[in-house]
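The following exercises are to be worked through with the sequence and the model at hand. Each task is followed by a solution in steps.

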Amino acid sequence: MLTNEILTFRKFEAGKVSVSLTQGNLTALIQGVADTFKTLTEQKNIAFNIAVDFNLENVWYDKGKLENILFNLLSNAIKYTPEKGKIYFTATKIFNSLNKPNVLINIQDNGIGISKSAQSKVFDRFYRDDSEQANGSYGTGIGLALTKQMVEVLNGKITLESEINKGSSFKVILPLEKDDFPTHDVKNKDSEEQISLQERVLLMSDLNVVDSEQVQPLNVKDDNSKKVLVVEDNTDLREFLAEALSVNYTVSVAENGEIGYGLACENDYDLIVSDIMMPKVNGLELCKMLKNNLQTSHIPVILLTAKNQEEDYIEGLQYGADDYISKPFNLNVLQAKIYSIIENREKLIQRFQKVEEDEEQSVVSNISTLDQEFMNKVNQVIEEFYVDSAFDIDAFSSKLYVSRSLLYKKLKALTDVSPNEYITIYRLKKSLTLLKSNKHQVSEVAFMVGFNDPKYFSRVFKKYYNCSPSSYLE
Ligand code: ATP
Ligand code: MG
């Protein structure tokens, strides 16, 4: 799903879509579309059989919609058919019960197939089959919803037959006579064509190449526990992104950087996606403001840049942006990036919580300078005071000159533990070194790392390491 398609999609939603017809050689058009896909099928070693009726030479059709329909169905067939599979693509002139000519397009594959229960849902927006077979594919779940809408706008019909592990067949029937279409304009030549089919296919093959490494299947926790803020001034794109990302995240939106910044200061977001070109406060300024405020500096930022404005991105990186994506972008790539940034943070946080001895107090990577300085100070303060059993969150926050709530918020964001837990973990790490040195009794060690009750120390130790301090020594 590309941004341009997104806009088409929004038009459909708003009922602003019009049919525009051309009279011409449909045989050639369909044959041309099929040919464009040959490289993709070859890449995947798929046998691609094409049979287009030559009797479609002087008929009526909506070129843009037809290309979209074919693109979506063919790209699905390729996507959901494993290497060395087969795809049949046929277009035949048929006559309906009123003896009117129609074209019947059949796109059939012997790929993974669609289960009976999923068949009723595949035409729903954002529906993706997350069964094992489909695992590893990327997608938004919009292609078929859009396809169905387009077929219906053209007074056509789309049907699906499929059997799991055997393959699928999508059949589309469209009218060929001018009077059988709904109200329409007539076009003499192509105008305002957005992005050529060729470009789209190229983008798809790019994705195929990076797919395996970069675009990981999205096994996002679907409890929508992560919060994402979308800052974008284009209403269509903003609403679309909000809708698409809501499948996996709790999404908030802002129409410019100023509003976005205000929201970010008041809420705990796990990630911000921001356009660069915006009125008032633009994306770069927003990024700079976020990364210079301790309240928000830990939030990862992905910037959306216009094509050929990659210098913006370099600038964004200087301001601490975590990644960027250039428009027109593929939504799947954006989703993969969001997923991997959030996932990486979680992994690092988990590593931090393993509480290994001597390990650097490693926190999230790609952390902003402000956060880095903050964490350095945190560790300096603890290093100085951990021996003191009276050292608590109040002492901690006042030594750092921040409020208790900000300290809590920052440590939670950067390490996912509370300040108290952070102190405990620090003390436990220290105790490991002392225990290993074999020079001290367990109770001595407890006091040395700021526990005034050895029994309590043992209990906490056991909770983190699953064994008592004395048995740890053996
Ligand atoms: P995109 O929006 O990028 O097209 P998508 O391909 O996942 O993403 P749809 O084209 O709407 O979304 O398809 C919806 C779902 O239907 C897919 O995720 C897939 O599970 C299933 N599906 C579609 N076509 C096929 C096919 N030819 N074989 C097997 N499953 C399919
Ligand atoms: Mg698709």
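**Exercise 1: A helix and its buried face**

The buried residues of α10 are Gly283, Leu284, Leu286, Cys287, Leu290 and Lys291. Determine how these buried residues are arranged when seen down the axis of α10.

Solution. The model under study is a predicted one. Viewed along the axis of α10, the buried residues fall within an arc of 160 degrees, so they line one face of the helix. Next, consider the N-terminal end of α10, which is capped by Asn282. A side-chain oxygen of Asn282 lies 2.9 Å from the backbone nitrogen of Leu284.

**Exercise 2: A serine in a strand**

Decide whether Ser162 is buried or exposed, and state which side chain its own side chain contacts.

Solution. First, locate Ser162: it belongs to strand β6, which covers residues 157-163. Second, apply the cut-off: a residue is buried when its relative accessible area is under 20%. Ser162 has a relative accessibility of 10% and therefore counts as buried. Third, the side chain of Ser162 makes a polar contact with the side chain of Ser168, at 3.0 Å. Residues touched by Ser162, beyond four places away in sequence, include Gly113, Ile114 and Lys116.

Terms used:
Residues numbered from 1 in each chain as written. Chains lettered and ligands numbered in written order. Predicted model: local features only at pLDDT ≥ 70, side-chain atom pairs only at ≥ 80, totals over all residues. Heavy atoms only, no water. Helix = DSSP H or I, 4+ residues; strand = E, 2+ residues; numbered from the N terminus. Buried < 20%, exposed > 50% of the residue type's maximum accessible area, 1.4 Å probe, protein only. Polar contact = N/O pair within 3.5 Å; in protein donor to acceptor, adjacent residues only side chain to side chain. Contact = heavy atoms within 4.5 Å. Arc of directions from axis to C-beta.
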